[in-house]
Amino acid sequence: MKVTTNSNNMAKAMSIVSRAVAKATTLPVLGNVLLAANADGSLTLAASNLEWSIVHTMSAQVEVEGQATIPTQFGEWVKSLPVGALVLESNDKHAVNATVETAKARFAGVDPEQYPVLPDLEGDSCIVNGGALRAALNKTVFAASTDMSHPALTGVFFEIQGETLTLAAADGFRLSQVQVALTAPAASDFSVLVPAEMLRELGRLAWDDEATVTITVNDLRTQVGFDLGDTQVISRLMDGKFPDYRRIIPAESLYTAMPKRAELLAAVKRAAIFAREGINAIRLELLLEGAIRVSGTSAETGEGTTEMAAEITGEGTTEVAARGLEIAFNSRFLTDLLAALDAETVRMQFMAPTRPGVFDTGEAGFVHVVMPMQIQQQQAKGK
């Protein structure tokens with residue numbers, strides 16, 4: 001293999017595919033990136049951890065076709081170089097010689113024949129706007145569980161029906177659902193469970209939000225691929241059944257409050273300073289005069305309170321005047337949610353202190369449900 005390409009483009013390509021390199025593996029080849037110089041004048045980089053893979057294609061001048069593997073340290077080396085022509089040449093001992101102007105290096109590789117065969121997906125697919133998919137991932141993936149004792153909850157549920165893609169994630173304490181319009185109706189309906197760990201990395205990749213992303217699921221329903229153009233991300237699908245999450249979305253509420261999102265996020269973060277020494281519970285109080293009080297209490301540190309203006313409506317408003325509605329939540333759950341949104345205001349709906357709170361932005365198809373925390377009234381009042 002012998003190719004010439006741009007060093008800056010190579011640095012970017014290595015940063016993309018290196019996300020999928022196996023961190024700890026008994027297969028040394030998986031600690032490397034696979035390079036393939038192709039007859040069409042392109043260079044393909046690929047990395048896999050056997051659970052998911054990233055493949056990126058870039059332009060290059062190919063003098064000799066072939067394959068080689070290179071350790072991830074190559075990415076650090078090329079990133080440190082000035083922009084210029086990068087020449088890569090492999091030898092029969094699986095080493096890769098790299099040259100940019102006066103800088104030279106030799107990287108010890110592994111036999112590329114040992115690299116696992118990367119799948120070429122064919123099956124059911126749908127096409128979605130890149131910006132819409134990124135926003136949907138931002139609003140759902142954080143709600144997936146990291147507890148492997150409930151494996152199905154560590155995935156994100158993808159459901160394609162007609163012209164709509166629905167994503168849902170839950171961890172037993174919170175639920176997030178987003179619906180996205182497809183650019184064209186899917187040829188067939190299908191649903192799969194995608195590992196949230198891979199989706200977190202997918203969401204960190206740079207792609208053109210104005211372009212489209214093709215999502216393909218193979219016929220055996222064992223793998224899913226996301227085609228971003230020059231980059232493809234391919235993952236194993238998860239076994240297990242995602243719970244019937246729609247049952248836990250409350251159908252009615254008594255109280256509705258609409259504060260400014262940024263103000264509420266700042267207030268929650270302040271209250272969390274006190275809450276984190278205990279059970280991480282902060283309190284929201286709806287006040288009839290059109291305000292919300294957010295507070296956190298610590299026996300060791302003290303108490304912090306913020307009041308903000310908010311439109312408060314609902315059947316229970318007169319009852320708020322008599323006793324106030326007070327409900328407690330895990331501060332991290334509210335911080336994760338509010339940080340993931342970009343709307344100016346957030347709508348909060350409540351039924352009772354012991355019932356789930358429902359959060360949305362007025363956007364069709366998006367809903368977030370958070371279970372409240374039960375705290376003693378004495379603790380809630382800081383006594």
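Let me start with two helices, H5, residues 261-275, and H7, residues 331-340, in this predicted model. Their axes come within 10 Å and cross at roughly 150 degrees. An angle over 145 counts as roughly antiparallel, so H5 is roughly antiparallel to H7. The crossing of H5 and H7 is left-handed.

Which residues of H5 and H7 make the contact? On H5 they are Arg261, Leu264, Leu265, Val268, Lys269 and Ala272. On H7 they are Ser331, Leu334, Thr335, Leu338 and Ala339. Sorted by class, that contact has 7 nonpolar, 2 polar and 2 charged residues.

Now the sheet. Strands of a sheet pair through backbone hydrogen bonds, either parallel or antiparallel. Here we have an open sheet of 5 strands, in the order E5-E1-E7-E8-E9, and the pairing is antiparallel. Which strands stand at the edges? Strand E5, 61-64, and strand E9, 103-108, do; each has a single partner strand, so one side of each is left without a neighbour in the sheet. From one strand to the next, the twist averages 20 degrees.

Take E8, residues 95-100, and E9: 6 bridges join them, and they run antiparallel. Valine 100 stands opposite alanine 103 in E9. Helix H1, residues 7-17, packs on the sheet and touches strand E1 (2-6), strand E7 (85-90) and E8. The direction of H1 makes about 95 degrees with that of E1.

Last, confidence. The chain averages a pLDDT of 92, and 95% of the residues score at least 70. Over residues 377-383, pLDDT stays under 50. For that stretch the model has 10 contacts beyond four places in sequence.

How values were computed: Residues are numbered from 1 along each chain as its sequence is written. This is a predicted model: local features need pLDDT of at least 70, side-chain atom pairs count only at pLDDT 80 or more; totals for chains, interfaces and linings use all residues. Side-chain values use heavy atoms; hydrogens and water are left out. Axes are lines fitted to C-alpha atoms, for helices over the stretch in contact, and angles run from 0 to 180 degrees between N-to-C directions. Helices (H or I, at least four residues) and strands (E, at least two) are DSSP runs, numbered from the N terminus. Angles under 35 degrees count as roughly parallel, over 145 as roughly antiparallel, 65 to 115 as roughly perpendicular and the rest as oblique. A crossing is left-handed if the near helix is turned anticlockwise from the far one by less than a right angle, and right-handed if clockwise. Contact means heavy atoms within 4.5 Å. Ala, Val, Leu, Ile, Met, Phe, Trp, Tyr, Cys and Pro count as nonpolar, Asp, Glu, Lys and Arg as charged, and the others, Gly among them, as polar. pLDDT is the predictor's confidence in each residue, from 0 to 100. Two strands pair if DSSP finds at least two bridges between them.
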